[in-house]
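Me: I want to go through this protein and ask what backs each label. Please show me the structure before we start.

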Amino acid sequence: MRSSNHLIGMVNFLTFLLSIPILGGGIWLSSRANSTDCLRFLQWPLIVIGISIMVVSLAGFAGACYRNKFLMWLYLVAMLLIIAALIGFIIFAYAVTDKGSGRNVLNRGYLDYYLQDYSGWLKDRVSDDGYWGKISSCIRDSGACRKIGRNFNGVPESADMFFQRSLSPVESGCCKPPSDCGYAYGNETFWTQGGGLVGANPDCMLWNNEQSMLCYQCSACKAGVLGSLKKSWRKVSVINIVVLIILVIFYVIAYAAYRNVKRIDNDEPGGEARMTKSHPSHFHL
């Protein structure tokens, strides 16, 4: 029984360590929610799951150390629910970020983003006028477009240099007009109408060189936020899938050890009774 308790304690300790990358992923999403992605509710399920794994692992560790079978049982039940919640979160993350990606642009190092390429619940959430007002304010306040500017030895980068840059989805969608508008490059956030007509894309009329406006009300900006969210969630989901696989393996080991502890406890009285019966006392009055 002692070896089974030690095994359960070790598994709980390793499970506690596994909660760190999950919690770290939630904190990373939270930091991006305040600066880049600007969607502040998506990280909380991950943070709650990470904290729950920590608390449950500590309870299971205490149960193993003090040979408290109730705490061990509570650990197994709670961890099963947490594993189910983590599976649900991973499926949800992939489902809401499944559609849409940036489009390649001829002779450009960056991608252009179009809202019609996206669909589903997350698109509706981001596109909601009331909610978008908060997101666009967050992007503007984060200075994402202000940071896009570059210069070399005091000389601003040329159009050719800018066109070969790899911009983030938010920078591409919110800080410049769509490429099909035909605007001429002035600097990273200042563009003028070229010699031809402005393109048919409705975002072309929404572009404004005023630094507080730019393309923050463009559909391309909303698509850029969706593109950024997709990249962030996919990175975190890869970590979550690896953690989930290890977590399931640890759970199976802990369950087997718990069953062994119960079997030993149930067999001990019977074993003593059988020993007494097979070796009767020869003492007679």
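Reply: What follows takes the labels one by one.

This is a predicted model, where local features need pLDDT of at least 70, side-chain atom pairs count only at pLDDT 80 or more, and totals for chains, interfaces and linings use all residues. Residues are numbered from 1 along each chain as its sequence is written, and side-chain values use heavy atoms, with hydrogens and water left out.

Me: Which residues does UniProt list under "transmembrane region"?

Reply: The unreviewed UniProt entry lists residues 6–29, 41–64, 70–96 and 238–258. UniProt positions are in the numbering used here, feature names are shortened, and annotations may be inferred rather than shown by experiment.

Me: What is the chain like over residues 6–29 and over residues 238–258 in the model?

Reply: Residues 6–29 are 100% helix and 0% strand. Their end C-alpha atoms are 36 Å apart. Residues 238–258 are also 100% helix and 0% strand, with end C-alpha atoms 30 Å apart. Helices (H or I, at least four residues) and strands (E, at least two) are DSSP runs, numbered from the N terminus.

Me: What makes a set of residues a nonpolar core?

Reply: The members are buried Ala, Val, Leu, Ile, Met, Phe, Trp, Tyr and Cys residues, joined through side-chain atoms within 4.5 Å. The largest such core here has 70 residues. Met79, Ile135, Ile139, Phe162, Cys174 and Val225 touch the most other members. Helix α9 (residues 219–278) gives the most to this core, with 17 residues. The core draws at least three residues from each of domain 1 (1–99 + 229–264) and domain 2 (103–225). Those domain bounds come from an automatic or database domain assignment.

Me: Why is Asn153 called exposed, and where does Asn153 lie?

Reply: The cut-offs are relative accessible area under 20% for buried, over 50% for exposed, and in between for partly exposed (1.4 Å probe, protein chains only). Asn153 has 84% relative accessibility, so Asn153 counts as exposed. Asn153 lies in the loop between β3 (151–152) and β4. Phi of Asn153 is near 55°, a positive value in a residue other than glycine. Most residues other than glycine have a negative phi.

Me: What about Pro156 and Ile148?

Reply: Pro156 has a relative accessible area of 55%, so Pro156 is exposed. Pro156 is in strand β4 (residues 155–156). Ile148 is at 1%, so Ile148 counts as buried. Ile148 is found in the loop between α5 (129–142) and β3.

Me: How do you know that the side chains of Arg103 and Asp117 meet in a salt bridge?

Reply: A salt bridge needs a side-chain nitrogen of Lys or Arg within 4 Å of a carboxyl oxygen of Asp or Glu. Arg103 and Asp117 are 2.8 Å apart, N to O, so the pair qualifies. Arg103 is in strand β1 (residues 103–104), while Asp117 is in the loop between β2 (111–112) and α4 (121–127). Arg103 has a relative accessible area of 36%, so Arg103 is partly exposed. Asp117, at 24%, also counts as partly exposed.

Me: How many salt bridges does the structure hold?

Reply: The structure holds 3 salt bridges. One of them joins Asp112 and Lys176 at 2.8 Å, N to O. Asp112 lies in strand β2 and Lys176 in the loop between α7 (169–174) and β5 (183–187), so the pair ties together parts that are 64 residues apart in sequence. Asp112 counts as buried at 3%, and Lys176 counts as buried at 2%. Another salt bridge joins Arg165 and Glu157 at 2.6 Å, N to O. Arg165 and Glu157 are both buried.

Me: Why does Asp203 have no salt bridge with Lys222?

Reply: The cut-off is 4 Å, and Lys222, the nearest side chain of opposite charge, is 8.0 Å away, so no salt bridge is counted. Lys and Arg count as positive and Asp and Glu as negative; His and the chain ends are not counted. Asp203 is buried and lies in helix α8 (residues 203–206). A polar atom of the Asp203 side chain lies 2.9 Å from the backbone nitrogen of Ala220.

Technical notes. Polar contact = N/O pair within 3.5 Å; in protein donor to acceptor, adjacent residues only side chain to side chain.
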